[in-house]
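Student: Can you walk me through this fold? Keep it short, please.

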Amino acid sequence: MSLTRRDMLKFGAGSLAAGLFLPSISFAAFKNIPLCLQLYTVKGVSDNPAKRMADVAAMGYKGVEYAGFGGYDAKALKKFQDDAGLFCTGSHTGRNLIEDLEKLKATIEFHKGLGAKFIICPGMRNEGADGWKKAGENFAKAAEIAEKAGLYVGYHAHQHDFDIVDKEKNLSSWEVFADAGGEKVVLQIDLGHCVNKGADPFKLIEKYPGRSKTVHLKESDGKIIGEGRVDWKRAFTLLESVGGAETYTVEYEAGMDRMEASRLSAAAYYKIHG
């Protein structure tokens, strides 16, 4: 049932007088975006990958993001995923395996074997604005190659990525890198790192539309999603209307037991996002 504002005003007094109730109306519905777990959160694939994957799936996660492969090849990891009913969104992969275009070819093939879509550099340091500009240009070249294979190359944010490196233009290293990389380079913003640094994640998501295809869901201050300073409803609304979000990935690295934090984070996500 679809009601206009005039309809609601018309129904208001009359329905109350008649002892009736208006139907529940939802003014905002989030998209059906799969929730993944960054396996770094639970210290990797472990020495029992089958159990690790099964445990992750039992918490309500639909996929995983790797940070190292535990010495397993793509075929073996894909079987562990499939047996647990999980997919692989991508991995955190060293910049040398992205910027070195010969090594990138093997990186792409490995990710195709996993059924993964995103090859994300987990962090890097560069010298000044020029260094970040050069890195962005390198990633742009890699993104062109990855695109032909149906994959994306991108970069994950840490707190230092929001330091101002171009004082003349008042641009952070995140922005210098993003501008130089161009629209094909994915920007995996980490909401917790951004808020903890005092940067504005909403401004940055809006500045680079369509480039937040994969997002790290981390709460501020080492807390569980929904218990800190991140405005999650605003974040999800913006990510899904402007950012182009395709997958969300929980990462937790504070003091709580990691498995328990992963379980609580998934429950909090479904409570807030649905």
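Tutor: We'll take the sheet, then the rings, then some single residues. This is a predicted model, where local features need pLDDT of at least 70, side-chain atom pairs count only at pLDDT 80 or more, and totals for chains, interfaces and linings use all residues. Residues are numbered from 1 along each chain as its sequence is written, and side-chain values use heavy atoms, with hydrogens and water left out.

Student: OK, what is the order of the strands in the open sheet?

Tutor: The order is E8-E5-E4-E3-E2-E1-E10-E9, which makes 8 strands with parallel pairing. Strands here are DSSP runs (E, at least two residues), helices are runs of H or I with at least four residues, and both are numbered from the N terminus. Two strands pair if DSSP finds at least two bridges between them.

Student: Which are the edge strands?

Tutor: E8 and E9 (214-217). Each pairs on one side only. The twist averages 30 degrees from one strand to the next.

Student: How many bridges join E5 to E8?

Tutor: 4, and the two strands run parallel. Strand E5 covers residues 152-156. Val153 has Val185 of E8 as its bridge partner.

Student: Switching to rings. How many aromatic pairs are there?

Tutor: The structure holds 16. Rings of Phe, Tyr and Trp (its six-membered ring) pair if their centres lie within 6.5 Å; planes under 30 degrees apart count as stacked, over 60 as edge-to-face, and the rest as tilted.

Student: Why is the Phe139 and Phe177 pair edge-to-face?

Tutor: Their planes stand at 75 degrees, so the pair counts as edge-to-face, with the ring centres 5.3 Å apart. Phe139 is in helix H6 (residues 128-148) and Phe177 in helix H7 (residues 173-181), so the pair ties together parts 38 residues apart in sequence. Both residues are buried.

Student: Why is the Tyr155 and Phe177 pair tilted?

Tutor: The planes are at 55 degrees, so that pair is tilted, with the centres 5.2 Å apart. Tyr155 sits in strand E5 and Phe177 in helix H7, so this pair ties together parts 22 residues apart in sequence. Tyr155 is buried, like Phe177.

Student: Where does Arg234 lie?

Tutor: Over the face of Phe202, 4.0 Å from the ring centre. Arg258 lies over the face of Tyr40, at 5.7 Å from the ring centre. A charge sits over a ring if NZ of Lys or CZ of Arg is within 6 Å of the ring centre and within 35 degrees of the ring normal.

Student: Now helix H10. What do its buried residues pack against?

Tutor: H8 (191-197), H9 (201-207), E9, E10 and H11. Among the buried residues of H10 are Trp232, Phe236 and Glu240. Gly244 follows the helix, with a positive phi near 80 degrees.

Student: Is Gln81 buried or exposed?

Tutor: Gln81 is buried, with a relative accessible area of 1%. The residue belongs to helix H3 (residues 74-84). Leaving aside neighbours within four places in sequence, Gln81 contacts Met53, Val64, Tyr66, Leu86, Phe87, Cys88 and Leu114.

Student: Last one: what is phi of Ser46?

Tutor: Near 70 degrees, a positive value in a residue other than glycine. Ser46 is in the loop between E1 and helix H2 (49-58). Ser46 is partly exposed, at 25% relative accessible area.

Key
Buried means under 20% relative accessible area, exposed over 50%, partly exposed in between (1.4 Å probe, protein chains only). Axes are lines fitted to C-alpha atoms, for helices over the stretch in contact, and angles run from 0 to 180 degrees between N-to-C directions. Contact means heavy atoms within 4.5 Å.
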